[in-house]
Amino acid sequence: MSIHISQTDEIQAFFRQVAGLDSEAGSPRIKQILIRVLQDCAKAIEDLEITDDEFWRAVDYLNRMGVNQEAGLLVAGLGLEHFLDLLQDARDRSAGAGGGTPRTIEGPLYVAGAPLSNGYARLDDGTDPGTVMYLHGRVTDTQGNPIAGAIVDVWHASTQGTYSYFDKSQSDYNLRRRIVTDELGYYKARSIVPSGYGCPVTGTTQEVLNALGRHGNRPAHIHFFISAAGHKHLTTQINFQGDEYLWDDFAYATREGLIGELQFIDDDSRAKQLGLNVNSFAELRFDFQVLRAIEPKSEQRSSRPRALQQL
Ligand code: MBD
Ligand code: FE
């Protein structure tokens, strides 16, 4: 028979002391969160009869995960980052503030401070032999009015499925740019068609996924932050129709409304029209609709700590 002590007055008083609730010093919010975590951990340990070996294996796991810098990857793989999107969607709907292009997770591989340009940018440094991709579209409000001066902050993986900064073999800010929309709300970019991402096979995230009988792959995708004065910040991604992992993403980021269609084109005149020096390329048109910001704070992305590379 399993023994339960976590709900006794004695243990509850002990955790209140551990969480600093018998003192005025420190942060009330951290105390509130920490005591809940302690209570829930203790309850899980006794309910599931978690063994000492299992407990210490988990402690060791956290140490190794930290050394690997994989906490952001793990929360994506465990669906917690997607859960935050679903929760925010539900809150928005409840406040009558839904609509626009759907949000989806940021993921752990953004780097702040990418080069900024007006209207157009080439994202790739010319070394990736992938198919040339011409990506363009318009940022509007939900009535279809163009938003000039919006910042389209775009980042994606190489044909190896890896991201510059994290993959030190790539040049600084390769496949990362910020593009300011033109007077009609358009952004235009030249890049290469990315490949999907796979978790490092010997990493700590994949270790958990293996134990769950899951793979660690993502479909090919392109990340965006869309920001515009007076409008709500949008964090999103687009995927490509036909991708093997389109609805089998280990991070659960695929959403209806975020699936783009790559048009594979072999046409000299279209290439010339787009200013491309190759006649075989993929074209992808994707428009974004952003919502009016009711409070200034909603114009900003979260203050999640992010990598910042200075050139
Ligand atoms: C990625 O490229 C990504 O976008 C996420 C969410 C997780 C791992 C790698
Ligand atoms: Fe990604």
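## Iron site

In this predicted model, the iron ion (ligand 2) is coordinated by Y163 (OH), H221 (NE2) and H223 (NE2) at 1.9 to 2.1 Å, where donors are N, O and S atoms within 2.8 Å of the metal (3.2 Å for Na, K and Ca) and sites may look incomplete because water is not among the atoms. Along the chain, these donors follow the spacing Y-x57-H-x1-H. Y163 lies in the loop between β5 (151–156) and β6 (176–180), whereas H223 belongs to strand β8 (residues 221–227), so the pair ties together parts 60 residues apart in sequence; strands are DSSP runs (E, at least two residues), numbered from the N terminus.

## Ligand 1

By class, the shell around ligand 1 has six nonpolar, three polar and one charged residues, with Tyr counted as nonpolar and Gly as polar.

## Basis of the values

Residues are numbered from 1 along each chain as its sequence is written, while chains are lettered from A and ligands numbered from 1 in the order in which they are written. Local features need pLDDT of at least 70, side-chain atom pairs count only at pLDDT 80 or more, and totals for chains, interfaces and linings use all residues, with side-chain values using heavy atoms and leaving out hydrogens and water.

Methods
Helix = DSSP H or I, 4+ residues; strand = E, 2+ residues; numbered from the N terminus.
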